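Good morning, colleagues. Please have the display in view as I speak.

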Amino acid sequence: MSLGLVGRKVGMTRIFTEEGDSQPVTVLDVSNNRVTQIKTPATDGYSAVQVTFGKRRAIRVNKPSAGHFAKAAVEAGEILREFRVAEEILGTLSPGTVIGLDIFQPGQRVDVTGISIGKGYSGAIKRHGFASNRASHGNSRSHNVPGSIGMAQDPGRVFPGKRMSGHLGNVRRTIQNLEILRIDAERGLLIIKGAIPGSKGGDVTVSPSIRSARPTNNDNVNAAAKGGAKSGKKGG
């Protein structure tokens, strides 16, 4: 239950650290996020903030959406997302408020949601990561097939949900615990370490991570040292 931002994937590049190491990063445009609706427990049964991003021509906006944006006195946007938040946060926001990038800080961990790149119809081997058979020494046209899928006489059928060939990609995916390396507040850009789902120009949603970062080796060593010190004191 925390406020986030919506935006668009600009693309990938790399930045260099002070030590000269190259780090792959994804650039996200999350500028001009506007509040379109405040949902309260009294009126909607829960507390949330609805946010829009981008611009849409008036001819591309239907009448219900146009009325919704006009009620909030904001320009029609391309994306509408809502974030569940605590009731205390609702008092600091109102329809038409622009949410800045100051809700995030460099080094913060975030979860990024997007639509993965569609790859069309794919076989079972590629789609599910199965191990294929060898492609030589007598193998005739069966090195890249899933093999038998049926049962014996009992139950004599293929169970629903069997992992077979089909559509690959073009699904909603969330990458958790990504690190924000830099923030360009003037241009409304987030520089995030690593890759995120989707192609250039794809819609994304960025929110504070719901998971804590994994402990590093140094953290494990420090924790072990503290534990040893405590046990030593008890033994004394």
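How many bridges join strand 7 to strand 12? There are five, and the two strands run antiparallel. Please keep in mind that this is a predicted model. Strand 7 covers residues 109-115, and strand 12 covers residues 203-208. Within this pairing, V112 stands opposite V206 of strand 12.

Strand 12 also pairs with strand 1, residues 5-16. That pairing is likewise antiparallel, with four bridges. Here V6 is the residue that faces T205 of strand 12.

Let me turn to the interior. In soluble globular proteins, nonpolar side chains tend to be buried together. The largest nonpolar core in this model has 27 residues. Those touching the most other members are L28, V49, V110, V112, L190 and I192. Strand 4 gives the most, namely three residues.

What surrounds V49? Setting aside neighbours within four places in sequence, V49 is in contact with L3, V35, Q37, I38, R81, E82, F83, V85, L90 and L93.

Finally, a separate core of six residues lies apart from the largest one. Among its members are V25, V27, L189 and I191. Thank you for your attention.

Methods:
Residues numbered from 1 in each chain as written. Predicted model: local features only at pLDDT ≥ 70, side-chain atom pairs only at ≥ 80, totals over all residues. Heavy atoms only, no water. Buried < 20%, exposed > 50% of the residue type's maximum accessible area, 1.4 Å probe, protein only. Pairing = 2+ DSSP bridges. Core = buried A, V, L, I, M, F, W, Y, C linked by side-chain atoms within 4.5 Å. Contact = heavy atoms within 4.5 Å.
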